[in-house]
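Here are my notes on this one, written as numbered points you can follow with the model open.

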Amino acid sequence: MTRFTLNGRPLAFDLDPQTPLLFALRDAANITSAKYGCDDQSCHACTVLVDGQAVRSCTLTIARAEGAVVQTVEGLAPDDPLFSAWEDEQVSLCGFCDPGFMCALSALLAVNSAPTEEELAAIPNRCPCGAGPRIRKAAQLAARRIRQASAPQAVQTADSNLTEGFSLGSGGDGN
Ligand code: FES
Ligand code: FES
């Protein structure tokens, strides 16, 4: 029996430990967002998060996922900026590559909310439909929204310092 947490649910898999994680997700756990897009480990459509790292689930056996926290796109928060950015930039064509790209970008943006174009281009996922440029635009939009979401506290601190400084300065002028 192999156990790991999938999208917040602890699960046990009675499968050959050498089963690729992708097949356990799709055929046993009925999570079909992770896609089987190639037979040479090149497409990355099968990308999921394992302990926060983007991995190709076709290359990882469930034995190596034992005890891990596995997330597919269904496990991302509903208000994850990637979802709104995808919609706002009208990314999806056939949509086959979307879940893998979102998992890869989620891992990147978790550690780097200001990715360069080069860093985005270095993501190994591929979109045969040609949505790559729109995907990178959506990634930049999601990154901006992540930065904006963490900005209000800094603004408030700056305002509060300004108010305090002004008050002290006024007092000084009056003396
Ligand atoms: S299915 Fe293509 S890299 Fe995993
Ligand atoms: S593979 Fe069709 S939209 Fe990317």
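This is a predicted model: local features need pLDDT of at least 70, side-chain atom pairs count only at pLDDT 80 or more; totals for chains, interfaces and linings use all residues.

1. Overall make-up. The chain has six helices and five strands. Going along the sequence, you read β-β-α-β-β-β-α-α-α-α-α. Of its 175 residues, 35% count as buried. If you look at contacts between residues at least 6 apart in sequence, 65% of them join residues at least 24 apart.

2. The sheet. What is the strand order? The five strands make an open sheet, E2-E1-E5-E3-E4, with mixed pairing. Strand E2 (9-13) and strand E4 (53-56) sit at the edges, each pairing on one side only. On average, and ignoring direction, neighbouring strands are turned by 40° against each other.

3. The parallel part. Strand E1 (residues 2-6) pairs with strand E5 (residues 69-71) in the parallel sense, over two bridges. If you want a spot to check by eye, Thr-5 is opposite Val-69 of E5.

4. The antiparallel part, around E3. On one side, E3 runs antiparallel to E5, joined by two bridges; Leu-49 has Gln-71 as its bridge partner in E5.

5. Which way do the E3 side chains point? Thr-47 and Leu-49 go one way, Val-48 and Val-50 go the other, and all are buried.

6. H1 and what comes after it. In helix H1 (residues 21-28), the buried residues are Leu-21, Leu-22, Ala-24 and Leu-25, and the buried residues of H1 pack against E2. Asn-30 follows H1 and has a positive phi of about 60°, although it is not a glycine. Is Asn-30 buried or exposed? It has 7 C-beta neighbours inside 10 Å, so it counts as exposed, the cut-off being 12 or fewer.

7. Gln-90 lies in the loop between helix H2 (81-88) and H3. Its phi is near 45°, again a positive value in a residue other than glycine. Gln-90 is exposed too, because it has 11 other C-beta atoms within 10 Å.

8. H3 on the sheet, and Pro-99. Helix H3 (residues 98-111) lies across strand E3 (47-50) and E4, at about 35° to E3. Pro-99 is part of H3. Why does Pro-99 count as buried? Because 22 other C-beta atoms lie within 10 Å of Pro-99, and 20 or more is the threshold. Leaving out residues up to four places away in sequence, Pro-99 touches Ser-33, Ala-34, Lys-35, Thr-72 and Val-73. Take Ser-33: Pro-99 is 66 residues from it in sequence, yet the C-alpha to C-alpha distance is 6.0 Å.

9. H3 against H5. H3 packs with helix H5 (residues 132-149) at an angle of about 40°, and their axes are 11 Å apart. The two helices are therefore oblique to each other, given that angles under 35 degrees would count as roughly parallel. The crossing is right-handed. H3 contributes Phe-101, Leu-105 and Leu-109 to the contact, while H5 brings Ile-135, Ala-139, Ala-142, Ala-143 and Ile-146. Sorted by class, this H3-H5 contact has eight nonpolar residues, no polar ones and no charged ones.

Key:
Residues are numbered from 1 along each chain as its sequence is written. Chains are lettered from A and ligands numbered from 1 in the order in which they are written. Two strands pair if DSSP finds at least two bridges between them. Helices (H or I, at least four residues) and strands (E, at least two) are DSSP runs, numbered from the N terminus. Axes are lines fitted to C-alpha atoms, for helices over the stretch in contact, and angles run from 0 to 180 degrees between N-to-C directions. Two residues are in contact if their C-beta atoms, placed from the backbone, lie within 7 Å. Angles under 35 degrees count as roughly parallel, over 145 as roughly antiparallel, 65 to 115 as roughly perpendicular and the rest as oblique. A crossing is left-handed if the near helix is turned anticlockwise from the far one by less than a right angle, and right-handed if clockwise. Ala, Val, Leu, Ile, Met, Phe, Trp, Tyr, Cys and Pro count as nonpolar, Asp, Glu, Lys and Arg as charged, and the others, Gly among them, as polar.
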